[in-house]
Amino acid sequence: MLTKYSEYLIHRQWMTHALEFAQAAGNAGEVPVGAVIIDSFGNFIAGGENRKERDKDPTAHAEIIAIRSAAKILQSWRLNECTLYVTLEPCPMCAGAIVQARLGLLVYSVDDPKTGSIRTVANIPDSAASNHRLRVIAGIEEFKSRQQLQTWFEVRRSSKI
């Protein structure tokens, strides 16, 4: 049986992988958001990073890419036994996809005060329109995620001056 502390360490480990995907996105000129999906045994299934600019696709968010990849690998759109780690609170589109994929657990780093649709601006998983109840843990590696995002935006803004 895992203790709360050992669960926390596991969440930190996987969020670190999501942060690596986010860094790759940032290095490619995308908003640095990364996502990782693991199975109930703690095995890596899929990862994703923002690709909106590179793919010219408004749906190419890290979460969507990871969900699509995991569903293809597992040969099922039902990801009940999986956990999604993402570095930024999902937007409305991604929150809807998470609910539709029936993910078992969502772990995210930092709240998004502009479009966060898990707990901050809206609460799609607990909405009457939601057909799936989602367990959520927030704040894992929050400082690192916030710093990564802030640094990326600061560099972008200073280069436009």
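Helices in this description are DSSP runs of H or I with at least four residues, numbered from the N terminus. In the predicted model, one such run, helix α3, spans residues 62–74 and contains Glu 63. The UniProt record, an unreviewed entry, places the feature "active site" at Glu 63. The relative accessibility of Glu 63 is 3%, and because residues under 20% are classed as buried, Glu 63 counts as buried. Leaving aside residues up to four places away in sequence, Glu 63 touches Ala 35, Leu 84, Val 86, Leu 88, Pro 90 and Cys 94.

Leu 84 also belongs to the largest nonpolar core, which has 24 residues. Within this core, the residues that touch the most other members are Ile 37, Ile 67, Leu 79, Leu 84, Ile 98, Leu 103 and Leu 106. At least two residues each are supplied by β1 (34–38), β2 (44–49), α3, β3 (83–88), α4 (92–100) and β4 (105–110). Helix α3 provides the largest share, four residues. Beyond four places in sequence, the contacts of Leu 84 include Glu 63, Ala 35, Val 36, Ile 37 and Ile 98. A second, separate core comprises nine residues, among them Met 15, Ile 38, Tyr 85 and Val 107.

Helix α1 (residues 4–27) and helix α5 (residues 142–159) have axes that come within 11 Å and cross at roughly 0°. The two helices, α1 and α5, are therefore roughly parallel to each other. On the α1 side, the contact is made by Leu 19, Ala 22, Gln 23 and Gly 26, which meet Lys 144, Ser 145, Gln 148 and Trp 152 of α5. The residues of this contact comprise three nonpolar, four polar and one charged.

Technical notes
Residues numbered from 1 in each chain as written. Predicted model: local features only at pLDDT ≥ 70, side-chain atom pairs only at ≥ 80, totals over all residues. Heavy atoms only, no water. Axes fitted to C-alpha atoms, helices over the stretch in contact; angles between N-to-C directions. Parallel < 35°, antiparallel > 145°, perpendicular 65-115°, else oblique. Contact = heavy atoms within 4.5 Å. Nonpolar A, V, L, I, M, F, W, Y, C, P; charged D, E, K, R; others polar. UniProt positions renumbered as here; feature names shortened; annotations may be inferred. Buried < 20%, exposed > 50% of the residue type's maximum accessible area, 1.4 Å probe, protein only. Core = buried A, V, L, I, M, F, W, Y, C linked by side-chain atoms within 4.5 Å.
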